[in-house]
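Please read it alongside the sequence and the coordinates shown here.

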Amino acid sequence: MQDLATKFANLTIQSDFIFKKVMSRKRICKHLLEELLQIEIADINYLEAEKTLEPEYTSRGIRLDIIVADDKNTHYNLEMQVKNNKNPDTDTYVLPKRSRYYQALLDIDLLQKGQPYDLLPPTFIIFICVFDFFEKGNYVYTFKKRCLEDLELELPDEATTMILNTKGTHGAISKDIKSFYDYVNNHIVTTDFTKQIDDEISYLKLDTKVRREFMLMEARLLDERREGEAVGIAKGKEIGLAEGEAKEKLATAKRMLSKGCYSLEVIAELTNLSLADVEKLKKEA
């Protein structure tokens, strides 16, 4: 518990837990969106913080950090990304396909059964990355669908993906967004906006209910990891025993074949090997 208390005390805006709590403060989330998109928003409504979308039991569910809608029914999904993860099996970065999947499931969730497609609201999926995914130095990378034959022709599906690069060096961003980047990177307070964020984090760390929530969440995650490890170890032992048993059957069959006094059918029956396996062993001998 002491380790968890220390971990809680050291949390920063980069932590999913703290990020969700801070962005659940309307004045902070609203100002961040206004400064980022250079628009005025009258109000925002929280659809659900850390919402889980699972369209089908066979599909992969996702847990979204923050989803809000403004007064014009534009929907925003804000995500903090600390690690630029790769799939070890394919050696490819997961962020691009992850953004595609988020958009798909968000659209499914926003459109009720039987509603026409044109009722889908405008959406912004915004990844706040503490790394430069494209290594171009941009503060912001904004993506919409465009025609390859005419790049000025945009598909008006009103779906936008923004990948923010807190390590960026150039591009047009407001003073408050730049200060937000500095705060995310180095915990530096340079504007009133980042002071509001820093004060909010300080308040959160003094709140015993928030601390208890974090500790319970971490304890649950630890239990899940341990359970997963236990299952993995048990599965490994099961596989190891099965492999050992199979090797022993093959060794016994080879010894019986070397004696030359057992029929292939008898060897198969006594070792629980198939007749085809025994015949193969005989050919290899």
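## Overall composition

Of the 285 residues of the protein, 35% count as buried, a term that stands for a relative accessible area under 20%, with exposed meaning over 50% and partly exposed the range in between (1.4 Å probe, protein chains only). The model is a predicted one, in which local features need pLDDT of at least 70 and side-chain atom pairs count only at pLDDT 80 or more, while totals for chains, interfaces and linings use all residues. Residues are numbered from 1 along each chain as its sequence is written, and side-chain values use heavy atoms, with hydrogens and water left out.

The secondary structure of the protein comes to 9 helices and 8 strands; helices (H or I, at least four residues) and strands (E, at least two) are DSSP runs, numbered from the N terminus. Among contacts between residues at least 6 apart in sequence, 55% join residues at least 24 apart, where contact means heavy atoms within 4.5 Å.

Two packed helices are described by the angle between their axes and the distance between the axes. The axes are lines fitted to C-alpha atoms, for helices over the stretch in contact, and the angles run from 0 to 180 degrees between N-to-C directions. Angles under 35 degrees count as roughly parallel, over 145 as roughly antiparallel, 65 to 115 as roughly perpendicular and the rest as oblique.

Helix α5 (residues 175–186) packs with helix α6 (residues 192–206) at an angle of about 40°, the axes being 8 Å apart, which makes α5 oblique to α6. On the α5 side the contact is made by D176, S179, F180 and Y183, and on the α6 side by F193, T194, I197, D198 and I201. By class, this contact of α5 with α6 has 5 nonpolar, 2 polar and 2 charged residues, where Ala, Val, Leu, Ile, Met, Phe, Trp, Tyr, Cys and Pro count as nonpolar, Asp, Glu, Lys and Arg as charged, and the others, Gly among them, as polar.

Helix α6 also packs with α2, at an angle of about 115° and with the axes 10 Å apart, so that α2 is roughly perpendicular to α6. The crossing of α2 past α6 is right-handed; a crossing is right-handed if the near helix is turned clockwise from the far one by less than a right angle, and left-handed if anticlockwise. Residues I18, K21 and V22 of α2 meet I197, E200, I201 and L204 of α6, and the residues of this contact of α2 with α6 divide into 5 nonpolar, no polar and 2 charged.

## The α8 and α9 pair

Helix α8 (residues 264–271) and helix α9 (residues 275–284) pack at an angle of about 120°, with 9 Å between their axes, and α8 is therefore oblique to α9. In passing α9, helix α8 makes a right-handed crossing. The contact is formed by L264, E265, I267 and A268 of α8 together with L275, V278, E279 and K282 of α9. Sorted by class, the contact of α8 with α9 has 5 nonpolar, no polar and 3 charged residues.

One of these contact residues, I267 of α8, has its C-alpha atom 9.9 Å from that of R255, the two residues being 12 apart along the chain. R255 is found in helix α7 (residues 208–259) and is partly exposed, with a relative accessible area of 46%.

## Loop residues

Most residues other than glycine have a negative phi. N73, although not a glycine, has a positive phi of about 70°; N73 is found in the loop between β2 (62–70) and β3 (75–81) and is partly exposed, with a relative accessible area of 39%. E158, likewise not a glycine, has a positive phi of about 60°, and its place is in the loop between β7 (140–143) and β8 (159–165), where E158 counts as partly exposed at 44% relative accessibility.

S15, in the loop between α1 (2–9) and α2 (16–23), is buried, with a relative accessible area of 16%, and a polar atom of the S15 side chain lies 3.2 Å from the backbone nitrogen of F17. S24 is found in the loop between α2 and α3 (26–37) and is partly exposed, with a relative accessible area of 28%. Although S24 and I67 are 43 residues apart in sequence, they are 9.5 Å apart in space, C-alpha to C-alpha.

How values were computed:
A polar contact is a pair of N or O atoms within 3.5 Å; within protein, one must be able to donate a hydrogen and the other to accept it, and residues adjacent in sequence count only if both atoms are side-chain atoms.
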